[in-house]
Amino acid sequence: MKLSEFVFWAYKIDLSDSRAFTLENRCVCAHFERHFKGIETDKIYRVVIKLSEDDQRNGMTEWSSSVLKYYHSFDFDYYYGLKDREKKSHLLDTLGASLLKVCELMGWDTEPFIRARQKVIDDNFDNSYEVSKKHNRSRSFVAILKASHTENDFILSVVVNDNRGHKILERQLFSVEPDEFMFNSLVGTIKWSSNDVLVYCAKDKTVIETIYISSNG
């Protein structure tokens, strides 16, 4: 089984606060997951890092249903006193330290984890990425579906470039809170219906938006 998912769980704070913390930290964990190439494990696909200020199980692991849980000490008052960029850095440091400890306990190679962490830093914590890319039939235009996942929102946009790489058009398709269950269900596909007509479709292939393209934008 391939390990590919990493989650923080603030399991001792109020449910509403825990959800807000999850929405805030998922852009860092998801960014790490994009750069993590995956490793084969003995029936583990996800690591849940259970955060609390005080638990006698800190530093210990549990395993159930293909999920490995690791308990880690976390000072929430310190975290909430940080600025946005500092919060992301602290979350990544916590993720990296926890996973290196898990590697030590499980006998996993640390190199894929160290490399993914560095990639997030190299991206300056900007979790923006290309979802898909489609050329029109004449290859005069290329449409790129782009996502931006931050601590505040998830934004999906489409950018159209000409064959010289010049941007002809950029349009936001939607913006929602950064809840993966919500935005993953909304991310659709793009396709060219003709050389100058681009459509954005929902997962069920329903046309959501039709975009008419010209070289003048």
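Modeller: Ala, Val, Leu, Ile, Met, Phe, Trp, Tyr, Cys and Pro count as nonpolar here, Asp, Glu, Lys and Arg as charged, and the others, Gly among them, as polar. This is a predicted model, with local features needing pLDDT of at least 70 and side-chain atom pairs 80 or more, while totals for chains, interfaces and linings use all residues. Numbering runs from 1 along each chain as its sequence is written, and side-chain values use heavy atoms, without hydrogens and water.

Colleague: What makes up the lining of the largest pocket?

Modeller: It has 7 nonpolar, 1 polar and 7 charged residues. A pocket is an open set of points on a 1 Å grid over the protein atoms alone, with protein on both sides within 12 Å along at least five of seven lines, and lining residues have an atom within 4 Å of a point. Val7, Thr22, Arg26, Glu180 and Phe181 lie nearest the centre of the largest pocket, and α1 gives the largest share of its lining, 5 residues.

Colleague: How much space lies in the second largest pocket?

Modeller: About 160 Å³. Closest to its centre, of 14 lining residues, are Tyr129, Phe154, Glu180, Phe183 and Asn184.

Definitions and conventions: On a 1 Å grid over the protein atoms alone, a cavity is a set of points where a 1.4 Å probe fits but cannot get out, and a pocket is an open set with protein on both sides within 12 Å along at least five of seven lines; lining residues have an atom within 4 Å of a point. Helices (H or I, at least four residues) and strands (E, at least two) are DSSP runs, numbered from the N terminus. Grid points are joined across faces, edges and corners, and a volume is the space filled by probe spheres set on the points.
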